[in-house]
Amino acid sequence: LWFMGTPSWADSIKVDKRKRFMKPRLKTSICLDWLRAREGRVAPEGAPPHWGCPRGFRCEFAHGEEELKGEMLVRLQEQQSSAARESQQQQ
């Protein structure tokens with residue numbers, strides 16, 4: 001019935017709220033499904049970066065360090081630099 005449907009103006013409000021909530025969180029942590037799929041296996045030659053993730057390119061999580069953004073990227077870079085410093089000090 002026509003009166004039970006959602007008015008067209010309400011659709012844009014829902015989408016805007018979700019975008020405002022999700023956009024800052026997009027690609028800020030590694031996709032666990034992607035990690036599990038690649039555990040002990042190598043992606044086929046020419047496979048897209050999201051190979052192994054059931055959500056594919058629509059996934060909200062990062063598929064590798066290249067896709068990471070935000071705080072997790074900063075943490076990863078700090079860990080890598082501290083590991084490099086420690087290895088240099090040990091030599």
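Helices (H or I, at least four residues) and strands (E, at least two) are DSSP runs, numbered from the N terminus. The legends below concern a predicted model, in which local features need pLDDT of at least 70, side-chain atom pairs count only at pLDDT 80 or more, and totals for chains, interfaces and linings use all residues. Residues are numbered from 1 along each chain as its sequence is written, and side-chain values use heavy atoms, with hydrogens and water left out.

Figure 1. A salt bridge is a side-chain nitrogen of Lys or Arg within 4 Å of a carboxyl oxygen of Asp or Glu. The structure holds three salt bridges. Accessibility is described by relative accessible area: buried means under 20%, exposed over 50%, and partly exposed in between (1.4 Å probe, protein chains only). R36 is exposed, with a value of 54%, whereas D33 is partly exposed at 27%.

**Figure 2. The salt bridge between D33 and R55.** The side chains of D33 and R55 form this salt bridge, 3.1 Å from N to O. Distant parts of the chain are linked by the pair: D33 belongs to helix α2, while R55 lies in the loop between α2 and α3, 22 residues apart. R55 has a relative accessibility of 36% and counts as partly exposed. A network of salt bridges links D33, R36 and R55.

**Figure 3. The salt bridge between E67 and K27.** The closest N and O atoms of E67 and K27 are 3.2 Å apart. This pair also joins distant parts of the chain, 40 residues apart: E67 is in the loop between α2 (32-38) and α3 (71-90), and K27 is in the loop between α1 (8-22) and α2. K27 counts as buried, with 14% relative accessibility.

**Figure 4. The surroundings of H63.** H63 is found in the loop between α2 and α3. Its relative accessibility is 2%, so H63 counts as buried. Contact means heavy atoms within 4.5 Å. Not counting residues up to four places away in sequence, H63 touches K27, C31, W34, P49, H50, C53 and G56.
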